[in-house]
Amino acid sequence: MLSDQFAKVVDAAKEAVSDGKITFDEACRVIGIGVLAAADVVSKLANPNEHYEEVVTELEAIFDAYIAPYDIQPVPDWLESRFVDPMLRGMIRPMVTKLFEAIAG
Ligand SMILES: [Ca+2]
């Protein structure tokens, strides 16, 4: 399972929400750490392209579990649920795609 290798991303997400709120900077930081962790995982896989969906799914699951439920400060709720959450979540797949292009070829 790749999920063990994303433990540091879960830790970063938990730390960001430990005060009961998450700032936009914290959300971006967690996503950045997630992509770095993915780069580390992908670079160690023998057949990385077989694990593309798994990597995307892991990162989206962490986003859904730890970032989406919290109010991102200072974004108003209506804007967050309609725009900011989908935008941040939507960044994950293209970032992982670029990562695979760069590492897996
Ligand atoms: Ca916080």
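I started at the loop between β2 (72-73) and α4, where Pro74 lies. The peptide bond from Gln73 to Pro74 is cis, with omega near 0°. Most peptide bonds are trans. Helices here are DSSP runs of H or I of at least four residues, strands are E runs of at least two, numbered from the N terminus.

A note on provenance: this is a predicted model, where local features need pLDDT of at least 70, side-chain atom pairs count only at pLDDT 80 or more, and totals for chains, interfaces and linings use all residues. Residues are numbered from 1 along each chain as its sequence is written.

Next I looked up α3 (residues 52-67). Which of its residues are buried (20 or more other C-beta atoms within 10 Å of a residue's own, C-beta atoms placed from the backbone)? I found Val55, Glu58, Leu59, Ile62, Phe63, Tyr66 and Ile67. They cover an arc of only 135° around the axis, taken from the directions from the helix axis to the C-beta atoms, which puts them on the same side of α3. On the other side, Glu53, Asp64 and Ala65 are exposed (12 or fewer such atoms).

Last, I checked α1 (residues 7-16) against α2 (residues 24-44). Their axes, lines fitted to C-alpha atoms over the stretch in contact, are 9 Å apart. The angle is about 175° (N-to-C directions, scale 0 to 180 degrees), so the two are roughly antiparallel (over 145 degrees). In α1, I noted Lys8, Val9, Ala12, Ala13 and Ala16 meeting Glu26, Arg29, Val30, Ile33, Gly34 and Ala37 of α2 (contact: C-beta atoms, placed from the backbone, within 7 Å).

Key. Parallel < 35°, antiparallel > 145°, perpendicular 65-115°, else oblique. Contact = placed C-beta atoms within 7 Å.
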